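Hi,

Here is the structure I promised to pass on. Have a look first, and my notes follow below.

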Amino acid sequence: MATAIALHPLARWQTRFESVSPLAWLGLHAAALWPHWRWAGARLADGSDDPLGLAALAALLVWVVRREPLLRGAPRQGWVYAAAALTALATLALFHLPPLLGAVLAVLSLATALRSVMPSGQPWLPVAGLAVLALPVVSSLQFYAGYPLRVVTAEISTWLLQLAGLAAERSGTTMWVQGRQVIVDAPCSGVQMVWMAYFCACVVAAFSGVRDRAMLARLPAVGALVLVGNVVRNSVLVALEAQQSQVSDAVHQGVGLVVLVAVCAGVVGVMRGGRDAQA
């Protein structure tokens with residue numbers, strides 16, 4: 001009976017399909033979504049977005065290559081169906097949605113296909129997060145979320161400076177400190193710090209094996225660290241500008257770098273903390 005099944009044409013095709021490497025199937029899946037990668041590459045090449053996504057892409061590829069020996073030969077059917085549905089939505093998005101939304105659907109489709117061949121108990125959320133962060137999203141985040149973040153940062157910085165005894169008021173994204181006007185401009189929105197913080201969170205969670213549920217529970221703390229860091233950076237720089245006629249670019253960059261390192265260190269500590277975080 002077993003010999004008869006093995007000789008059946010369908011059985012032979014199934015055997016051939018199952019003999020193909022999971023990475024090869026993922027490569028074919030990625031190739032089918034090429035219009036989205038072409039858009040992302042063009043946006044990166046014309047300088048309309050920061051190349052930060054390349055770091056996320058490199059981290060994702062390293063994670064996949066290191067886990068390749070553990071990938072399942074037979075994918076889970078439920079995740080395969082989900083990946084197929086997301087692929088169909090990503091294809092329809094080429095005609096009906098902005099390119100970035102279509103690209104997000106495409107990377108989620110690919111991440112879902114990867115989930116179908118991942119061993120049980122492995123974290124998937126940080127992998128999907130790295131896939132999304134690999135897209136050119138910084139300029140879009142700056143466009144849609146930059147102004148609200150600048151207003152929130154300016155308001156909290158005004159409170160801090162008032163507590164420190166300085167005369168401070170806010171109007172929109174403009175602060176008046178000790179009679180001097182200081183504008184909280186786009187670089188002070190903290191969007192790049194947001195990207196770096198969540199990139200660190202995804203990398204630590206992926207390579208440390210932090211469970212998806214544990215990662216979800218800690219993401220609000222990551223957001224709080226970013227907000228605190230950006231407010232501290234903005235308050236320090238505004239206070240310096242209120243005391244001096246001009247603050248050099250070196251001081252701006254130095255303060256920004258110190259705060260960024262502190263925030264990323266805090267994110268690493270948050271994601272690695274706890275006894276039951278690892279899968």
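Is tryptophan 124 buried or exposed? Tryptophan 124 is buried, at a relative accessible area of 16% (buried is under 20%, exposed over 50%, partly exposed in between, with a 1.4 Å probe and protein chains only). Tryptophan 79, at 30%, is partly exposed.

Before the rest, some housekeeping. This is a predicted model, where local features need pLDDT of at least 70, side-chain atom pairs count only at pLDDT 80 or more, and totals for chains, interfaces and linings use all residues. Residues are numbered from 1 along each chain as its sequence is written, and side-chain values use heavy atoms, leaving out hydrogens and water.

Now the aromatic rings. Rings of Phe, Tyr and Trp (its six-membered ring) pair if their centres lie within 6.5 Å; planes under 30 degrees apart are stacked, over 60 edge-to-face, the rest tilted. That gives 3 aromatic pairs. In one of them, tryptophan 79 and tryptophan 124 have ring centres 5.7 Å apart and planes at 50°, so the pair is tilted. Another joins tryptophan 195 and phenylalanine 199, with centres 5.1 Å apart and planes at 15°, so this pair is stacked. Tryptophan 195 is buried at 2% relative accessibility, and phenylalanine 199 is buried at 15%.

Then there's the packing. A nonpolar core is a set of buried Ala, Val, Leu, Ile, Met, Phe, Trp, Tyr and Cys residues joined through side-chain atoms within 4.5 Å. The largest has 48 residues, of which Leu114, Val267 and Met271 touch the most other members. Apart from it lies another core, of 12 residues, including Leu166 and Cys188.

Cheers
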